[in-house]
Amino acid sequence: MTRKVAVVGMGHVGATVAHYLVAGGFTDDLALYDTNEAKVQADALDLRDAMANLPFHTNLTVNDDSQLADCDVVVSALGKSKLVDTPDHDRFAEFKFTRTQVPLVAKKLVDNGFHGKLVDVTNPCDVITSMYQKLTGLPKEHVMGTGTLLDSARMRARVGEALKVDSRSVDGFNLGEHGNSQFTAWSTVRVLGKPLLDLVKERNLDLASLEERARQGGYLVYKGKKYTNYGVATAAVRLTNALLSDSRTVMPVSNYRAEYGTYLSYPAVVGRDGVVEQLQLDLTTDEQEKLATSAKYIKERLQAEEERAAKAE
């Protein structure tokens with residue numbers, strides 16, 4: 001079966017996603033889209049040149065809307081990361097740009113008969129994922145965002161560093177908004193064969209410090225190079241591969257949770273049909289309250305945008 005993926009937005013993140021897909025041989029056909037024609041053509045040429053030294057071949061197209069009709073997965077990576085350079089590092093700073101571009105992309109998907117799965121990287125992730133679902137009319141379980149898949153990886157990395165183990169040996173989740181209201185659900189974290197909470201005193205762990213370092217990870221990267229790309233692109237490709245391969249992997253992606261009435265990050269089983277099962281975690285009362293607060297924040301920001309759009313009409 002031929003695998004076909006599209007990447008919309010060839011900035012730092014989109015280009016890294018495209019390169020990872022090509023270098024890993026994860027897709028047979030890759031459609032690239034960007035409003036900057038020179039940039040996307042240059043990326044395509046660069047990727048074609050790279051293939052002579054790769055064990056895989058990938059068919060590339062550029063800004064050809066007809067390719068969207070039979071794409072298995074479309075990755076939305078458009079954005080302007082420089083807008084996040086604010087005192088509180090709020091990802092909603094990108095919203096003034098992305099809220100104007102997402103409807104255009106959604107219309108292009110609808111007009112060209114796209115009926116695959118949509119992976120959103122574009123910020124603010126949870127609100128944009130919700131917008132894509134409403135604008136395209138795709139089933140909720142077929143539209144998801146990378147959400148806290150990256151934030152959870154950052155948490156696992158910090159815990160791994162503190163305990164001197166591989167981050168892949170740490171299990172657990174950051175939940176809620178891919179933004180300032182997210183939190184680490186420490187009750188879900190396991191490492192060294194035990195719940196992490198059982199190791200706090202024994203290993204002298206400062207959970208507040210670990211959580212803050214995980215939360216600030218993206219901003220530290222941004223501070224150094226004025227964009228982030230490797231971490232989030234890897235999360236996007238991991239999610240894309242779960243969809244393509246029907247791996248049925250448990251991931252903390254942004255998916256629609258009916259009990260909260262919004263998209264937010266909560267672990268779900270992801271396979272070829274998108275979100276095929278939603279987990280129900282046994283969270284502490286404090287964690288449940290934090291998740292409800294994060295959900296409320298996402299809904300309020302989305303409602304404010306919908307009201308703004310209605311007034312503009």
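This is a predicted model: local features need pLDDT of at least 70, side-chain atom pairs count only at pLDDT 80 or more; totals for chains, interfaces and linings use all residues.
Residues are numbered from 1 along each chain as its sequence is written, and side-chain values use heavy atoms, with hydrogens and water left out.

**Cysteines**

- The structure has zero disulfides, a disulfide being a pair of cysteine sulfur atoms within 2.5 Å.
- C71 is in no disulfide, and its nearest cysteine sulfur, that of C125, is 20 Å away.
- C71 counts as buried because its relative accessibility is 4%; buried means under 20% relative accessible area, exposed over 50%, and partly exposed in between (1.4 Å probe, protein chains only).
- C125 is buried too, at 1% relative accessibility.

- Most residues other than glycine have a negative phi, and most peptide bonds are trans.
- From N123 to P124, though, the peptide bond is cis, with omega near -5 degrees.
- You'll find P124 in the loop between β5 (117-120) and α4 (125-136); helices (H or I, at least four residues) and strands (E, at least two) are DSSP runs, numbered from the N terminus.
- K164 isn't a glycine, yet it has a positive phi of about 60 degrees.
- Look for K164 in the loop between α5 (149-163) and β7 (171-175), where it is exposed, with a relative accessible area of 75%.
- D246 is not a glycine either, and its phi is positive at about 55 degrees.
- The loop between α7 (230-245) and β10 (249-257) holds D246, which counts as partly exposed at 31% relative accessibility.

**Strand β8 and its partners**

- Strand β8 covers residues 183-191 and is mostly covered itself: seven of its nine residues are buried.
- β7 and β8 run antiparallel and are joined by four bridges; two strands pair if DSSP finds at least two bridges between them.
- F173 has A185 in β8 as its bridge partner.
- β8 also pairs with strand β9 (residues 194-195), again in the antiparallel sense, over two bridges.
- R190 stands opposite P195 in β9.
- The hairpin of β8 and β9 has two residues between the strands, and in this hairpin L192 takes a positive phi near 55 degrees.
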